[in-house]
Amino acid sequence: MTGFPLTWLYAPGDRPPVVAKALASGADVVVIDLEDAVAPDRKAYARSATAELLRDPQPVPVHVRVNALSGPWARADLAAVATAPGLSGLRLPKVSSPSDVVRVARRAVSAHGGAPPLYALLETALGIERAHAVATAHPSLRGIAIGEADLRADLGVRDDAGLDWSRSRVVVAARAAGLAPPTQSVHPDTRDLDGLAASCAHGRALGFLGRAAIHPRQLRIIERAYLPTEEEIEQAETVVKAAAMTQGAQALPDGTFIDTAVVLAAQRTLSLAHRT
């Protein structure tokens, strides 16, 4: 994988064969889940199996979603995997304050100095309200995202549109903090590929980049939705070429006005198209 990961596939930590399939699925990032996908009586096994796997580097980046930081399992999760050679990132559920991130960063410092990349999941109203403070909490924090199932329950939201304000707030917070655009939360119906595509298109319009998945069949839909179309690539190439020939603002033959902001957007489109 080159830059701009678009697909993040979750796999339950207590099912090593499923994790192995995820690693071979073509996902840009595999997220081994120690939290919601694992029953309480399987937590210890999931933790030990994940630690064993991550003793060695993996063919794709592997993140681990640890258990809730306020619960009884997170400390053991961090002790088992935070410094593992095969770990590429830690996903922290139910983050509600900057202190949550700082506490993990301090616990996860390796013998080589520095914590692994951290990703905060905002899943409560309080977490959303503090999105920018969380996003700037520590240098090891590389991204923020929404856990929509928990947030929906916390807010009592019944219609999907009721989450759009929270989504936009997190997109703005990530940008203001200098982080990559957040990834969309999972689409829970693995058979509803049309609904997934429509939801991805909406997320892209809001400023998200890529999406978490819970089944390999969702990966291609997500990637297709987030990669620029041929028309978008052609338009971006036209803008970049025109900008290279003339200094300052100008209008293209079709009447499209271009300036520095439009050129930068075109350059991002081309970078994404080539995944560089």
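Visitor: Which residue forms a salt bridge with R55?
Guide: This is a predicted model, so local features need pLDDT of at least 70 and side-chain atom pairs count only at pLDDT 80 or more, while totals for chains, interfaces and linings use all residues. Residues are numbered from 1 along each chain as its sequence is written, and side-chain values use heavy atoms, leaving out hydrogens and water. A salt bridge here is a side-chain nitrogen of Lys or Arg within 4 Å of a carboxyl oxygen of Asp or Glu. The closest N and O atoms are 3.3 Å apart, and the partner of R55 is E52.

Visitor: Is R55 buried or exposed?
Guide: Buried means under 20% relative accessible area, exposed over 50%, and partly exposed in between (1.4 Å probe, protein chains only). E52, at 46%, is partly exposed. R55 has a relative accessible area of 54%, so R55 is exposed.

Visitor: Which residue forms a salt bridge with D160, the closest N and O atoms being 2.8 Å apart?
Guide: D160 also meets R152 in a salt bridge, at 3.4 Å from N to O. R152 is partly exposed at 26%, and D160 is partly exposed at 35%. The partner at 2.8 Å is R167.

Visitor: What is the relative accessible area of R167?
Guide: Side chains of opposite charge can pair when their charged atoms come close. In this case R167 is buried, and its relative accessible area is 5%.

Visitor: Which residues do salt bridges that share partners join into one network?
Guide: A search of the whole structure finds 17 salt bridges. Those that share partners make one network of D33, E35, D36, R65, K94 and D150.

Visitor: Which strands stand at the edges of the sheet?
Guide: Helices (H or I, at least four residues) and strands (E, at least two) are DSSP runs, numbered from the N terminus, and two strands pair if DSSP finds at least two bridges between them. Seven strands form an open sheet with parallel pairing, in the order β6-β5-β4-β3-β2-β1-β7. A strand with a single partner has one side left without a neighbour in the sheet, so the edge strands are β6 (141-146) and β7 (211-213).

Visitor: What does the twist average from one strand to the next?
Guide: Axes are lines fitted to C-alpha atoms, for helices over the stretch in contact, and angles run from 0 to 180 degrees between N-to-C directions. From one strand to the next, the twist averages 25 degrees.

Visitor: Which strands does helix α8 touch?
Guide: Contact means heavy atoms within 4.5 Å. Helix α8 (residues 164-176) packs on the sheet, and its direction makes about 170 degrees with that of β6. The strands touched by α8 are β5 and β6.

Visitor: Which residue of β5 does L90 stand opposite?
Guide: L90 and L92 are buried on one side of β4, and G89 and R91 are buried on the other. β4 (residues 89-92) joins β5 (residues 118-122) by three bridges. In β5, the residue opposite L90 is L118.

Visitor: Which helix belongs to the right-handed β-α-β unit with β3 and β4?
Guide: β3 and β4 pair in the parallel sense over three bridges. A crossover is right-handed if, with the strands pointing away from the viewer, the path from the first strand over the helix to the second runs clockwise. The helix of this unit is α3.
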